[in-house]
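Me: Could you walk me through some side-chain contacts in this one? I'd like to go contact by contact.

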Amino acid sequence: MANNGSSLHFRITSRENWEMTKFRICLVYNASTVDPPCIHEAKGHVDFSESLTEVVYDYQLWTSGCLFWDETTESFISNGTRVSNITTPEVTVCMTNHLTSFGGDFAVPPNTIDFTNVWAKFKNLNENAAVFSTVISLMGLYIILLIWARYKDKKDVQKWGASPLDDNLPTDNYHYQVTVQTGVRKLAATNSEVSFILSGEESDTGVRRLYDGQRKTFVRGSIMNYILSVESCLGPLNFMRIWHDNKGKGKMRSWYLDQVQITDLQTGDRYFFLCDRWLAVEEDDGMVDRILPVAGLEDLAAFKQLFSSSVKKKLTNDHLWFSVFSRPTRSNFTRVQRISCCVSLLFMTMITNAMWFKSEDKSSNTSAMKIGPISFTLQQLFVSFASTMIVFPVNFVLMTFFRKCRPRKNGVMHKNQQVPKRGKWKSVSASQSQTWGRVPMKSRWQRFKESITNFINFQRHKSKYQSEPDPDECVREMKIAGIPDSAQKKKKRKKKPGTLPHWCIYIAWVLCFFSITSSGFFTILYSMEWGPEKANEWLTTFLMSFFQSVLVVQPIKVFVLVAFIACILKKPDLDDEDPGEDLNNVIAAHDEEFTAKSNTAIDEIALRRKVQNSELKPPDMKTLGEQRQLRMMELKMEEVIREIGIYALFVLILFFLSYQTRDSDSFLMADNLKNTLGSGFEKISTVTDYWNWLENKLIPNLYATHYANGTEVKPWWDKRCIKDMESRRVGLPRLRQLRVKENTCVVNPALSTMIKHCRDEYGWTDDDAKHYLPGWKKPPEENITALKEEKSPWVYQNSVKLKSAPYMGTISTYKGGGYVALFERNVTWTNRIIEKLKKDVWLDVYTRGVFLEFAVYNPNINLFSSAILLTEFVSSGGAVARIEFKVFRLLNYVGAFGILVVIFQVIYACFSLYFFIRCIKKVRKEKMKYFGRFWNLLEFILLCFCIAVIAMYAFKQILSELTMRALKDPDKADYVNFQSMAMYDELFGWMMACVVFLATVQFLKLLQFNKKMNMLGDTIKVATKDLKVFSIAFALYFFAFTACGHLLFGTSILAYASLLGSAESMFAFTLGTFDFAAMADVNKVLGPLFFFTFVGVVYVGLMSMFFTIIGDAFTEVKANVEQGTNDYEIVGFMWKKIKGVLGLT
């Protein structure tokens, strides 16, 4: 190839069977790089009919570059940029992996749907059904909730509609609306009979009962409206006295009254009577009678009142989701409409979220803008704005139309509605009524003045039956009592603002239908387009963000707004939404009812009023005290029963969780492994015995080579099994040896000339941790560093590298390190390794402990087992064998039972947290006095253990996950150390055992309502003084026999070999477990003498004294219990409740 100016000449020589081919010429900057990018290329065809073909290619050279301005160095640099392949001499195209902020994309396009292929993906709907099933389920749930909401809307009309009081008379010509708000506290509702007296400057109502003949219960959080009719205007109201008879059923006796509003239906004046207190014998000051003065502006604008009322109103009205279940009173915005707006908002949010899900990842510009602690990108700002512009208008129109549309009028009913006649009631007067008795006849002059007054009042205030102006056309002026007139602008009746014609509601329903169906449809298409992985990720992200917004963000916004109103604005919101209810029709309908009644019925109502006024007396403090004492006793008994029930449920859950961690097959599995793999292990006494046991006993049982019928095992998965073909080896078994150094003890000087070496028992200071060559030969100094990196049986590895913990054996406690020899997965190679170790004398006189460690898994019962077979070669000669198979469950959540376990674990955590918080509150209240009582101390220890168990379980799950990862990791799967996991599982089991024990004992505290349940503790308290003296004498005699037994039998009987072992034997002797024959074999005289002396002193003397002390104390306690009474007659109380439920009382 030659370069001649602007032309490139090259030759192509034909090869055999070449006729015609294509060629491509690629120019690069540097041909030394791997796969360099082409600067320019040429293509064409070459005819190889001739042996030599010459091609001429013209090219042009030019220089291009890509630079950008770096604000840090204040210069043009080319970092991260390169010239594109499509660059021409006229246009330079730059490629870069970063952009400056002005060069980024602000507008982020939404995700697209390929409509040509998306329909075919519905064939595999079963693989990607999460989003589809969620959308369909939400729509089904929406239909169910619509039925429920419609039912509740009908109930709301009855619940919140204004109804006349039952003791109203048709002769009453002046009307008030009474609005009673019950608090939202626990047990705030009541069904006791509530009565009141409303007093004004001119008159009062007398004793009136707050009952309309239908609604007997003041429900918690309810707002009840009544029509109060009186004979004449009461004038400006001053106070209200309200009480109840405390005769409700059970928990419905007490009442928490929030406030009462009185509205003068003639003038529109409103009066507020704030209470916010209990009317209950067991709460507050124990009074059921309250006198409420009229609230002024300062009372209404007080922070407590304003904050509580505003929070309730905002959450029940402005919070769209909460208002579905707590619809505000007297609102045109029904529950059906509210839940439809919620579902529309949910589906619109779903589709907008799906439109831009992970769309920002496609943009190369990710530069963020920071405003204080807040950081965001322009793409995030655009997505947020675009999503809002899609969701907000639709939901704003829906909510506006539903709220502002006027209700439909029934023109026929309005036209045919008749004004009730008043003629019948004109004959009902005080002079003719037998109830009120005879009164002096008024003179003509008095009757004339009353006629003139009635005529003037008639012109000033129209009759209640005269048709009022259309409520849709005008709004009555309202005046709030207690607020200065200067603060209330007097306005003439004007047209009601913000109302829409009724037909607009149909537009809202059509818009709601299409917003839900179209959003759900396109959301399903997006999920089909994405595939199951991305669709499930989107669904999880959306649901988490949605619930976070509804349950956390929006309530916080409400509380912040209310706090701002209460602290800064201090303006009470007294305007209620007008439902368009015509109260005149309500009053007229009530009068129509009386039209059908006789004068006798009206006289009965009047008589009831008169009797109520005559019997009105101040509450009897003695009666209230007795009722209070009785009620407090009932509450305490209910609390005891509730506490027992809750604690019993907690203990049952605790029992379930504790026992499910221990499988009944654990013992059978451990026993089978001991019989199969530990056969002959305890008979090892020498190193030779150990090698023989490995070759002839362990390996044939640890490696399955043949099936039960004698057929050879060939599949690799069956070769992982042990001999019984049920359990499988997990990882590789290993041998771990711990040795002692030479001359770790001093030879007696008298024999030092004959004996040159001495080797002591294993100790952490005398253990050998050097590196050796095969045969325990010392390596050259220059090779020691290289040996450290080898995994040789002759190289010491510390506990950190082996990830092993120290182990307490029978003779000594051993470190977690040692010299390690790994077996192989193949039985042949394993036998070769054992033969090699045996030949090189891997076990010798310096060996003190040999650990055989491995793990097996039984998939049939989902149990792991970590095996440690320790042989301790003692300095006195011989060996001590120790076998330990720890069976545990590593994988807890398997199948449907695993789901049940998770549910119970969550419930257990909630119970523990509840009890712990309650305990902390008691500690803060009582300080150190709390720990002065035994049961409180026991409760605190129990709760500490419960919390510790939760923390340990979480750590156990982390260890399990790490262990399974190590098992799956090919670099770590040679030997997976399950010992730490087994030890931690065992420790966790001990903690659970302590919790179960303490929780069971704690039941005695809950059963203290019965005096006899405390007899055990009281007996110990009475006998404590005598037991202190007795315990000193018993300890001296016990130690004397312990020391004597150790000295007499220590060399002959293993149980007495040590002082601690002798004490254990004496304690067992005290409980009746002994071996007389062994004592007599040691010494025919001293053995029986020791035995009978111990029986005479301890059995006959000391134990008799102990039982006498306990018996006397118990007799005294029993006498005291029989003279006393139970604190709570809980059995009788429960029987009374059962009979009440069954209707037997």
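Me: The charged end of which residue sits over the ring of Trp776?
Reply: That is Arg739, whose charged end sits 3.6 Å from the centre of the Trp776 ring; a charge sits over a ring if NZ of Lys or CZ of Arg is within 6 Å of the ring centre and within 35 degrees of the ring normal. Please keep in mind that this is a predicted model, in which local features need pLDDT of at least 70 and side-chain atom pairs count only at pLDDT 80 or more, while totals for chains, interfaces and linings use all residues. Residues are numbered from 1 along each chain as its sequence is written, and side-chain values use heavy atoms, with hydrogens and water left out.

Me: And what sits over the ring of Trp829?
Reply: The charged end of Arg832 does, at 4.6 Å from the ring centre.

Me: Switching to rings, how many aromatic pairs are there?
Reply: The count comes to 54 aromatic pairs, where rings of Phe, Tyr and Trp (its six-membered ring) pair if their centres lie within 6.5 Å, and planes under 30 degrees apart count as stacked, over 60 as edge-to-face and the rest as tilted. One of them is the edge-to-face pair of Phe513 and Phe514, with 5.4 Å from centre to centre and 80° between the planes.

Me: Is the pair of Phe1034 and Phe1038 stacked or edge-to-face?
Reply: Phe1034 and Phe1038 are stacked, with their centres 5.9 Å apart and 20° between the planes. Both belong to helix α24 (residues 1015-1049), where they are four residues apart, about one turn of the helix; helices here are DSSP runs (H or I, at least four residues) and strands likewise (E, at least two), numbered from the N terminus.

Me: Buried or exposed, what is Phe1038?
Reply: Phe1038 counts as buried at 18% relative accessibility, whereas Phe1034 is partly exposed at 23%; buried means under 20% relative accessible area, exposed over 50%, and partly exposed in between (1.4 Å probe, protein chains only).

Me: Now charges: how many salt bridges does a search of the whole structure find?
Reply: It finds 22 salt bridges, each being a side-chain nitrogen of Lys or Arg within 4 Å of a carboxyl oxygen of Asp or Glu. Among them, Glu193 and Arg209 meet at 3.6 Å, N to O. Glu193 lies in the loop between β11 (174-182) and β12 (194-200) and Arg209 in strand β13 (residues 208-209), so this bridge ties together parts 16 residues apart in sequence.

Me: What about Glu926, which residue is its partner?
Reply: Glu926 pairs with Arg933, with 2.5 Å between the closest N and O atoms.
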